[in-house]
Amino acid sequence: MVYLRKKLDEGRDAREQVLLNAGFLKSLNMSIRKVLLSPDHTIFAYNVEREGMEYGELHFKDLNDREDWENEILENVFNFVWASNHVVYYTVPNSQLRPYQVYAHRIGTDQSEDILVFEEPNDTIFVDITSTKDGKYITINANSLSSSEVRVIDAQHDFSDNKLPQVQLIRAREPGLEYYVDHHHDRFYVLTNADNAKNFKLMQVFDNAKDKASWSNLITMQPTEKIEDVDLFQNHAVIYGRRDGLPMILCYDLQTNQTHEVNLPEKFCVVQPGTNLDFDTELFRFSIVSPFTHESTYEYNMVSKKLTPIRVQTIQKFDRYKYTCSQLHVQAHDGEKIPVTLIKRKDIELNGRNPLLMRSYGAYGTSTDIDFRIEHFPLLERGWVIALAHVRGGGELGKAWYENGKLSKKMNCFKDFISVAEHLINMKLTSPERLAAMGTSAGGLLVGAMLHMRPDLFKALLLRVPFLDPLSAMLNPDLPLTQIEYSEWGNPTDDPDAYKLIASYSPYENISNELFDNNESLPSLFVTGGMKDQRVAYWQPLKFVARLRHFTPPTYNKSTTLLKLDLDSGHFGGGGSEQETRLSEVAEQIAFLISEVQK
């Protein structure tokens with residue numbers, strides 16, 4: 001990866017300046033976490049991490065060739081943001097990978113002189129920092145999985161006398177209340193689920209308000225809509241969200257209070273906000289990723305309502321018009337309608353002989369995105385169908401959809417996945433002999449549970465860095481993230497019902513002699529893990545496979561179990577973002593699926 005810049009007013013042929021050639025990091029088993037230019041564009045700051053650590057060194061590079069410049073390196077930085085041309089705020093994690101402290105660093109001073117601005121003692125709270133779009137405030141966000149507390153600091157605070165800045169609390173933490181803050185002109189804008197707005201709404205409070213917790217409504221959503229992000233500009237607020245589970249962008253005029261919708265070029269896609277640094281502008285950029293196109297960038301004029309493609313990348317030697325992306329809804333065990341996205345060739349017949357790969361996640365309110373996946377194409381060209389099951393526990397249909405797939409209602413997630421598999425078989429799109437499933441991390445728990453819940457439905461299961469032993473993980477509060485995730489899975493140490501429930505769906509706990517006695521055959525497995533994974537420890541896939549091999553009868557030969565443990569990779573892969581490594585891993589996994597399902 002090479003970071004470059006060139007002057008806007010000199011046109012496309014302007015000379016490029018190399019900010020950083022990050023190629024050397026690969027040999028050090030390091031990768032870039034984040035880069036930011038100082039407000040005056042004279043210092044390039046970049047945060048690097050060793051594979052799997054998720055925090056690391058913060059470097060500063062002078063872009064003006066100053067003679068008195070001394071290279072500065074800050075250690076143990078999780079996230080950072082510029083406050084001014086001379087001050088950077090950054091977060092530091094504890095031994096459980098929880099960012100809990102916020103420091104202020106002045107350029108030109110040693111890290112030992114940095115000022116501790118905020119510390120969060122609660123082990124269930126993550127601390128993050130951002131800056132408001134107008135640059136006036138630094139925000140300290142102290143979030144759990146189900147509540148928020150935000151503080152703001154004047155970005156121009158003068159540290160020359162080592163005086164601590166005033167840290168202003170917007171609203172004290174309340175159980176179940178989530179909110180996020182930005183600032184514009186003379187008021188704060190608050191994205192929140194307050195007043196039972198489960199799918200969030202945009203509110204506001206003026207700077208001079210005595211009570212910063214007294215918010216008034218600005219933009220509210222319909223029951224089938226949800227807000228996921230807001231970007232503020234001088235005259236507009238841009239709302240990124242979903243309607244009926246599919247992406248939408250709304251533009252709200254801050255002067256006229258009128259709203260209009262951007263007509264997206266794709267229906268089934270993922271919309272990603274651009275890095276829109278300009279505040280006083282009528283233009284903003286966003287990108288779209290869809291099953292049949294690489295990331296494409298568009299520019300939208302909020303006044304003329306004109307959408308302009310900036311960069312659209314087509315896939316070489318691939319005729320997208322031979323393929324289709326559509327959605328159907330499957331009835332769950334309790335009558336809920338589960339959205340399922342199907343990606344396939346147009347000439348696929350309903351004969352029960354089509355190989356099919358199911359994918360899902362179903363946790364943390366994270367959606368199973370309808371995005372571009374390189375691993376889909378070798379399968380699609382071989383006649384496979386890709387089915388994305390948007391089960392409960394995900395966030396596609398809003399907060400209620402998420403909450404109905406967590407804690408005591410977690411079984412809905414597994415039952416939804418089974419209902420989708422049964423429906424795809426019953427409609428003769430595939431058959432158990434041709435059905436495979438793939439899950440990553442918490443999605444690996446979902447797919448891995450099919451081994452003991454419904455092994456008769458699947459031929460092969462691909463489990464990538466899977467969360468296969470949730471009971472052991474949630475019983476150990478000293479592991480990274482365990483205490484933070486009590487609100488997702490429950491606390492089996494204090495709650496006997498949570499213990500029983502987690503044990504009932506844990507893939508590891510349900511491997512026994514009965515698994516082989518009660519099933520004529522089991523699906524083949526390909527399980528991956530990373531030795532430097534701090535989110536799903538390497539011992540989870542290891543002990544799962546070891547237990548499975550322990551209980552496998554000596555004469556059993558009806559399926560295959562493969563384990564691949566990467567000694568250098570973390571939760572998000574090995575070798576940084578190097579394409580060669582990623583493609584090699586994908587090729588192995590696709591070869592496994594094809595060899596098991598299309599023998």
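## About the model

The structure is a predicted model, in which local features need pLDDT of at least 70, side-chain atom pairs count only at pLDDT 80 or more, and totals for chains, interfaces and linings use all residues. Residues are numbered from 1 along each chain as its sequence is written, and side-chain values use heavy atoms, with hydrogens and water left out.

## The chain as a whole

The chain holds 11 helices and 34 strands; helices (H or I, at least four residues) and strands (E, at least two) are DSSP runs numbered from the N terminus. Its C-alpha atoms fill a box of roughly 75 × 50 × 50 Å along the principal axes. The radius of gyration is 25 Å, which agrees with the value near 25 Å for a compact globule of 599 residues. That radius is taken over C-alpha atoms, and the globule rule is 2.2 Å times the number of residues to the power 0.38.

Of the 599 residues, 55% count as buried, meaning under 20% relative accessible area with a 1.4 Å probe, protein chains only.

Now for a closer look at one strand. Strand 28 covers residues 337-345, and because seven of its nine residues are buried, the strand is largely enclosed by the rest of the structure. Two strands pair if DSSP finds at least two bridges between them.

On strand 28, one antiparallel partner is strand 27 (residues 323-331), joined to it by nine bridges. Within this pairing, serine 326 has leucine 342 as its bridge partner. Five residues lie between the two strands of this hairpin, and glycine 335 in the turn has a positive phi of about 95°. Strand 28 also runs antiparallel to strand 30 (residues 385-389), with four bridges between them; here valine 340 stands opposite alanine 389.

## Glycine 241

Glycine 241 is found in strand 20 (residues 236-243), and counts as buried because its relative accessibility is 4%.

Beyond its neighbours within four places in sequence, glycine 241 is in contact with Lys226, Ile227, Glu228, Leu246, Pro247 and Met248. Tyrosine 180 lies 61 residues from glycine 241 in sequence, and their C-alpha atoms are 15 Å apart in space.

Methods. Buried means under 20% relative accessible area, exposed over 50%, partly exposed in between (1.4 Å probe, protein chains only). Contact means heavy atoms within 4.5 Å.
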